[in-house]
Structure formats: structure tokens, C-alpha cells
Amino acid sequence: MLLRLTEMDSFIANDYFLMAQLPDCFLNVLQGPKPNDFQWLEQRQTTDQRLQQLHVNDPAIYPRQPFGNHQLICYHPCGTHNWRICNSDNLLNEVINRYHSVLMHVGMEQLYQLINLHFYHPQLKERVESLVGPCQDCQRHKDAGRGYGY
């Protein structure tokens, strides 16, 4: 059974929405729509032909989920209760850049894990690596040693 937004309010409020709704008074935070702007997400998904085709071809794995007055295409693998909002190709870089900025350069692996909690894109990990890998701030302040996850 797919979860509705009303059943997920406490889960979402503890994580993604609080992080995404941080005030824009922080230095280096990108201006513009936030990842939890459902109208913005819906518009981006509507213009993504690949994503629309996935929904048409396999609506059980790529169903539309209600988020207030908006319907977003989500990724819902068979046999699981977990689902994530599908990122359109034209939205992925913006989401990665916003999380990277708001989370203050947490590093590639942590950034990937946090975005992957709520968003799905088949190339998410590769895009995080390509966008965050060359970040001068991350390289300058990176801890010596093996890194996160070891």
C-alpha cells in the first residue's frame, strides 16, 4: 500500500522538510525554489519525457502520489513500503546544488545518502560525484583519512 502525505507528516517533518525549509538567511544558500516546492517539482516532472514515459510504461513502480494539490511521480520498488520522489533530468542538478549548499558541504557520500532518502534518479550517485567532487570548499576542508563509511 502506498503511503499518503497525511500518514507521513511526522516522518517528513523530522527530516527532509525541516532541512529544505531552513531560512535563506544562511550564507551561500542558493536562491529559488526549494526541493519541497511541490508545484515546482510537478512542473519539472511534467516537462520530462523520460519520466513521463516511465510512469506510462510501469505505473506500479512509478505511481503518482498526492502531495497537497499536486501529483508527483514517485519511485516505488515492488515489494517495499519505501518510495521516493522521482527527480526529472532537468531538476537533478538543482536539487544536488541546493542540498550541497544548505548542508554546508557535507561531502559526497553523506550528500548522496541524504538526497537518496527522499529523491530517486538512476544517475543520482554519479551526478553527486561529478558536481561535488570538484568543489574547492569540500576539498579544502576535507578530513584526512579514509572518509565517511569506513
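What share of the contacts in the protein chain with a separation of 6 or more comes from residues 24 or more positions apart? In this predicted model, such residues account for 57% of those contacts, and the views below show the chain as a whole and then several of its side-chain arrangements.

**View 1. Overall make-up of the protein chain, with eight helices and four strands.** Read along the sequence, these elements follow the pattern α-α-α-α-β-β-β-α-α-β-α-α. Of the 150 residues in the chain, 38% count as buried, while the chain exposes about 8,900 Å², of which carbon and sulfur atoms supply 53%.

**View 2. The tilted aromatic pair of Tyr62 and Tyr75.** The count for the structure comes to five aromatic pairs, and in this one the rings lie 5.6 Å apart, centre to centre, with 45° between the planes. Tyr62 belongs to the loop between helix H4 (49-57) and strand S1 (64-67), whereas Tyr75 belongs to strand S2 (residues 70-75), so the pair ties together parts that are 13 residues apart in sequence. Both tyrosines, Tyr62 and Tyr75, are buried.

**View 3. The stacked pair of Tyr75 and Tyr120.** Here the ring centres of Tyr75 and Tyr120 are 3.8 Å apart and the planes meet at 10°, so the pair counts as stacked, given that planes under 30 degrees apart are placed in that class. Because Tyr75 lies in strand S2 and Tyr120 in strand S4 (residues 119-120), the pair ties together parts that are 45 residues apart in sequence. Tyr75 is buried, with a relative accessible area of 16%, and Tyr120 is likewise buried, with a value of 17%.

View 4. Cys86 counts as buried, at 1% relative accessibility, whereas Cys78 is exposed, with a relative accessible area of 59%.

Definitions and conventions: Residues numbered from 1 in each chain as written. Predicted model: local features only at pLDDT ≥ 70, side-chain atom pairs only at ≥ 80, totals over all residues. Heavy atoms only, no water. Phe/Tyr/Trp six-rings, centres within 6.5 Å; stacked < 30°, edge-to-face > 60°. Helix = DSSP H or I, 4+ residues; strand = E, 2+ residues; numbered from the N terminus. Buried < 20%, exposed > 50% of the residue type's maximum accessible area, 1.4 Å probe, protein only. Contact = heavy atoms within 4.5 Å. Areas by Shrake-Rupley, 256 points an atom, 1.4 Å probe, with all protein chains shown as cover.
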